[in-house]
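Colleague: Could you take me through a few local features of this model, with the cut-offs stated as you go?

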Amino acid sequence: MIVTVTANPSLDRLVALGDTLRRGAVHRAAAVAADPGGKGVNVSRVVHAAGERTVAVLPADQGDPLLVGLSRLGVPAIPVPVGHEVRSNITVTEPDGTTTKLNAPGAPLAPEAVRALEEAIVSAADGAAWLALCGSLPPGLPDDWYARLADRLGAREDGPRIAVDTSGPALASSAVRGIALLKPNAEELAELVGRGPEAGAEFESRAAAGDLAPVRTAAEELHRATGATVLATLGGAGALLVTGEGAWAASPPPIAVRSTVGAGDSSLAGYLIAHARGATPPERLVLAVAHGAAAAALPGTQAPRPEDLAVADVRVLAL
């Protein structure tokens, strides 16, 4: 079982444009859609589509449009009532794959809702193989909330492996011993090792040119500091994996990018799916990159299905 936690879920509204976005202009959408979203929700959607067991734990009231959407998809969820509708995020995509996101901050959770959410997470994690703590935190939750959850669950002998996929202070607070997997993108990895955002762009550009040394050095530094497996996603350059067994890089199959929303979430899901099936580290990386590429080739936040994957076209290199 792969349990996901989305502390700040969203209803993701997609507006697909038929031409280039122009500020101040009036545009007619070529397509619109609304999907249940938030990083953990996206992971559960992909895991469910792959036929693996999952459940999404999240704060939302019964009848919320997000829960209605999950129910239609058949994705199991454990909602915790909060007394308000989940936030809406807006994604605008252009024909060349350029993606613009407008994310709402979300509403604060009342103390009783936070306690109920924590207890729901602990209960759902009982006997699970993985617990993925994903996405931003709503206003009012402390930056180290994920780290506190990890400490609480890590004290249990039968506790799940814990993966963290977030950003900013929440990610920095989670880069500690006891986390099994960290999934930063290039910019987040640069920040975690004390480099500026410009270093993240350099990681991606140099990786795309075949120079993996900078991102590998950073990922290995993070692995040594935390003991965690590091899955660093690099956009169109693929991803790099560092474990206690070694380091590998994988480049994606050629695709026509339609929307990058959820691609990193799909990569994390691919890794967890492969791990649950007993795959080796390089095999996990291949499935992670295949899922990320498949997500980027789909419109909006559609979850890639097994038939969307081009696993044979992912190239993996032992470093």
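Colleague: Is Trp-145 buried or exposed?
Modeller: This is a predicted model, in which local features need pLDDT of at least 70, side-chain atom pairs count only at pLDDT 80 or more, and totals for chains, interfaces and linings use all residues. Residues are numbered from 1 along each chain as its sequence is written, and side-chain values use heavy atoms, with hydrogens and water left out. Buried means under 20% relative accessible area, exposed over 50% and partly exposed in between, with a 1.4 Å probe and protein chains only. Since Trp-145 has a relative accessible area of 1%, the residue is buried.

Colleague: How are the planes of the rings of Trp-145 and Tyr-146 placed, given their angle?
Modeller: Rings of Phe, Tyr and Trp (its six-membered ring) pair if their centres lie within 6.5 Å, and planes under 30 degrees apart count as stacked, over 60 as edge-to-face and the rest as tilted. The search of the whole structure finds 1 aromatic pair. Its rings, of Trp-145 and Tyr-146, have centres 5.8 Å apart and planes at 45 degrees, so the pair is tilted.

Colleague: At roughly what angle do the axes of H9 and H10 cross?
Modeller: Helices are DSSP runs (H or I, at least four residues) numbered from the N terminus, and their axes are lines fitted to C-alpha atoms over the stretch in contact, with angles from 0 to 180 degrees between N-to-C directions. The axes of H9 and helix H10 (residues 281-296) come within 7 Å, and they cross at roughly 145 degrees.

Terms used. Helices (H or I, at least four residues) and strands (E, at least two) are DSSP runs, numbered from the N terminus.
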